[in-house]
Amino acid sequence: MLSSAGVQASSMSAQQQQLLNLVNAERVRAGLSQLQWDDHLAQAARLHTQRMADRRALSHQFSGEPALPDRAGSAGAHFNFVAENVAYAGTVNELHDNLMHSPHHRANILDPKSNAIGIAFAERDGELYVTEDFAHVLADVSGNQFQSRLIASFNRLRASKGLAPVSVHSDPKLEKAACNAKLQPRAVLRQLPGATNLTMFTASRPDDLPPNMQEAAADGRLRRMSIGVCFKSDQKNGFSTYWVAAAFYPTP
């Protein structure tokens, strides 16, 4: 019986290692990168699998249980994509074979967006219940590290257009605005004398510059940027997001 939904190991059991090997063998045969083990995803999978075994039922969300993104986020995973397979069968090989013969489960196993997996088993009445949580996990970087990489990405884009890099300084007012997670650029801009433009956006990777940042990078009149960055876990869907507020100042 099985069900699907698409939305480094400290210790692994023999069953977890066996299923991980089977999954990665399928990905190698399909020309995909192997998945890395993620303890946070495994913890989220462990709690859910135990619920399934206790209830002798398959589900991606039981009554009163958080949704998959929330479970993974609460376990400490940082990600911008997550998906899940759940199933039960008599053996690990039987579980994997059943999953690979189901189009939805196979698609999750062979999804090129994923780079990590967590697996958990629970046994009940001679059956093995399993949860496979797949995700594209993000590098665990601080707000300051993310900010430095974003600035470097911005100035590389300027250099590609033959423009000089902008000077940058961190602004506590912009960091506060980013942490408030209220995207109201006009209200914030009024607090920044001399700034002619301000953009506020969310991103999971520092190279993901939105169109208004790309436009600013192409503006030869700009010479200075103030910035504030705040890491937030989206309470609605559990995804990891950096909130950014950047103000631009023209040549004096």
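The legends below accompany close-up views of salt bridges and strand pairing in a predicted model.

**Figure 1**
Arg29 counts as exposed because its relative accessibility is 61%, over the 50% limit. Glu26, by contrast, has a relative accessibility of 18% and therefore counts as buried, the cut-off being under 20%. This pair is one of nine salt bridges found in a search of the whole structure.

**Figure 2. A salt bridge links Arg71 to Glu84.**
The side chains of Arg71 and Glu84 meet at 2.7 Å, N to O. Arg71 counts as buried, with a relative accessibility of 8%. Glu84 also counts as buried, at 0%. The pair belongs to a network of salt bridges that links Arg51, Glu65, Arg71 and Glu84. Side chains of opposite charge can pair when their charged atoms come close.

**Figure 3. A salt bridge between Asp207 and Arg156 links distant parts of the chain.**
The side chains of Asp207 and Arg156 meet at 3.4 Å, N to O. Asp207 is in the loop between strand S7 (197–203) and helix H9 (211–217), whereas Arg156 is in helix H6 (residues 143–160); the two residues are 51 residues apart. Asp207 is exposed because its relative accessible area is 51%, and the limit for this class is over 50%.

**Figure 4. Strand S5 pairs with strand S3 in the antiparallel sense.**
Strand S5 spans residues 127–137, and nine of its eleven residues are buried, so the strand is largely enclosed by the rest of the structure. Ten bridges join S3 to S5. Within this view, Ala89 stands opposite Leu128 of S5. In a regular strand the side chains alternate between the two faces of the sheet.

**Figure 5. Strands S4 and S5 form an antiparallel hairpin.**
Strand S4 (residues 116–124) pairs with S5 over nine bridges. Ile117 has Phe134 in S5 as its bridge partner. Two residues lie between the strands of the hairpin, and Asp125 takes a positive phi near 55°.

How values were computed:
Residues are numbered from 1 along each chain as its sequence is written. This is a predicted model: local features need pLDDT of at least 70, side-chain atom pairs count only at pLDDT 80 or more; totals for chains, interfaces and linings use all residues. Side-chain values use heavy atoms; hydrogens and water are left out. A salt bridge is a side-chain nitrogen of Lys or Arg within 4 Å of a carboxyl oxygen of Asp or Glu. Buried means under 20% relative accessible area, exposed over 50%, partly exposed in between (1.4 Å probe, protein chains only). Helices (H or I, at least four residues) and strands (E, at least two) are DSSP runs, numbered from the N terminus. Two strands pair if DSSP finds at least two bridges between them.
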